[in-house]
Amino acid sequence: MDGGVKENSTQPLVASIHFRSPQRYLKSHCITGQSPPQHLESSPNMKEEEVNCCQIQEWYPNFKSVSIKTLIHQLPEPFVEYLLDDSGPFLLPASVLNEDALPNRIRNPDDEEDFQVSEGSDDEAEESPPPPSFPELELKVKESIESLGGAVFPKLNWSAPKDSAWISTSGTLRCTTFSEIALLFRASDSLVHDLCHAYDSCHDKRTSRPQHFFLALRKWYPSLKPDMEFRCFVQNQKLVGVSQREVTTFYPVLLEKKNDIMLVIHAFFNNHVRGKFGLENYTFDVYITNDERVKIVDFNPWGGFTLSLLFTWDELEHVHGEGDDVEFRIVEDRCGVRPGLKTAVPYDYLDTSQGSGWDQFLRNADQEMRNQHRSPEAGA
């Protein structure tokens, strides 16, 4: 990391970061029970049952033979409350195993004034809350991480903290300790969806959160390539569309392998998914390995907060292919990337109304694409 952090270190680095995040707004709405922002309102067709079926603890036991190896723990309510608490400073849990998610630094007297702590009264010191601790959960997580090869990527019932990967020492979701998991979860805005807004797209919404939250620890594979992950759209138990999952990048290899990839995905769906998942309409994400084995990464509801990626939901709703025809969409040149889908905030939470900052950003991106198309070097 920058800012004077050096490798052979002895003192823990403690940083205080102040920023205005959607997380504070969304968490406060979760706690107070106020209505969510307008762009999170319900879908006319989605039901709570459909959302519940897509929780990893619900679908993984039936598909674990064709998925990434995963161990799942029910989270204690105090840990859930810790994730939701925005009332005080950003505190990581105290580790009973003395494992620290933050890097250390060598004390540098020249920088000492940058790290001064104001001395208050004894009463003020006593008022500072101690960091929380979850020893039983930490020990269970440590055991699971070791059994999964020493490194995992974590997620809650539905979502992974992809937006907070920047804060980890590796810049990825790779975790080797409970403290690293807590750091990613506490810093994530994406997980606010699971914690507060999982049912906001449901027309029969009866609750704001599931009865229990679960921590899924998934075996970490450093060789996974983003170009080989795809989102599959199923309507009336028929595979109707497939989209490249990472749509912010052009991958030439997909042009070469498009037909082969489609055949592999279609065969996998017919053999392992069709009629075995508990919904008529849904999406599922898959990863294709170098030897063309297919692994299920996730299931998501049809519509609502689920990104349609290179499709629109209106297009998918009106697909009427003949027989087993499936439309497969990939980014076919550099001008086809979707920059608006790669942000530190979940795309569905963005205010893209006219006059908003994001509205201007997306219009600028569209203009840049048009300029590239007119340029003689476009696509070079």
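**Figure 1. His272 in helix α9.** His272 lies in helix α9, which covers residues 252-273; helices (H or I, at least four residues) and strands (E, at least two) are DSSP runs, numbered from the N terminus. The model is predicted: local features need pLDDT of at least 70, side-chain atom pairs count only at pLDDT 80 or more, and totals for chains, interfaces and linings use all residues. Residues are numbered from 1 along each chain as its sequence is written, and side-chain values use heavy atoms, with hydrogens and water left out. With 33% relative accessibility, His272 is classed as partly exposed, a class between buried (under 20% relative accessible area) and exposed (over 50%), for a 1.4 Å probe and protein chains only. Apart from residues up to four places away in sequence, His272 touches Phe63 and Val66, where contact means heavy atoms within 4.5 Å. A distance of 10.0 Å separates the C-alpha atoms of His272 and Val294, which stand 22 residues apart along the chain.

**Figure 2. The protein chain as a whole.** The chain holds 11 helices and 10 strands. Of its 380 residues, 45% are buried. Among contacts between residues at least 6 apart in sequence, 76% join residues at least 24 apart.

**Figure 3. Gln244 in strand β7.** Strand β7 runs over residues 238-244 and includes Gln244. Gln244 counts as buried because its relative accessibility is 0%. Its side chain reaches the backbone oxygen of Glu246 at 2.6 Å, a polar contact, that is, a pair of N or O atoms within 3.5 Å; within protein, one must be able to donate a hydrogen and the other to accept it, and residues adjacent in sequence count only if both atoms are side-chain atoms. When neighbours within four places in sequence are set aside, the residues in contact with Gln244 include Glu229, Phe230, Thr249 and Tyr251. Leu309, Leu310, Arg329, Ile330 and Val331 are also among its contacts.

Figure 4. The whole structure contains 20 aromatic pairs; rings of Phe, Tyr and Trp (its six-membered ring) pair if their centres lie within 6.5 Å, and planes under 30 degrees apart count as stacked, over 60 as edge-to-face and the rest as tilted. The ring centres of Phe79 and Phe178 are 5.7 Å apart and their planes meet at 45°, so this pair is tilted. Phe79 belongs to helix α4 (residues 77-84) and Phe178 to helix α7 (residues 178-187), so that the pair links distant parts of the chain, 99 residues apart. Both Phe79 and Phe178 are buried. The pair of Tyr82 and Phe134 is likewise tilted, because the ring centres are 5.8 Å apart and the planes lie at 55°. Tyr82 lies in helix α4, whereas Phe134 lies in the loop between α5 (122-127) and α6 (135-147), so the pair ties together parts that are 52 residues apart in sequence. Tyr82 is buried, with a relative accessible area of 7%, and Phe134 is buried at 10%.

**Figure 5. A cluster of rings.** Ring pairs join Trp59, Tyr60, Phe63, Phe269, Phe277, Tyr282, Phe284 and Phe299 into a cluster. Phe63, a member of this cluster, is also touched by His272.

**Figure 6. Helix α7 and the charge of Arg186.** Helix α7 is largely enclosed by the rest of the structure, because 10 of its 10 residues are buried. Among these buried residues are Phe178, Glu180, Phe185 and Arg186. The charged end of Arg186 sits over the ring of Tyr82, 5.1 Å from its centre; a charge sits over a ring if NZ of Lys or CZ of Arg is within 6 Å of the ring centre and within 35 degrees of the ring normal. The charged end of Arg186 also sits over the ring of Phe90, at 5.8 Å from the centre of that ring.

**Figure 7. The open sheet β2-β5-β4.** Three strands, in the order β2-β5-β4, make up an open sheet with antiparallel pairing; two strands pair if DSSP finds at least two bridges between them. Strands β2 (70-74) and β4 (152-155) form the edges, each pairing on one side only. On average, neighbouring strands of the sheet are turned by 20° against each other, direction ignored. Four bridges connect β4 with strand β5 (residues 214-219) in the antiparallel sense, and Phe153 has Arg218 in β5 as its bridge partner. Helix α7 packs on the sheet and touches β4 and β5, its direction making about 40° with that of β4; axes are lines fitted to C-alpha atoms, for helices over the stretch in contact, and angles run from 0 to 180 degrees between N-to-C directions. Val152 and Pro154 point one way from β4, Phe153 and Lys155 point the other way, and all are buried.
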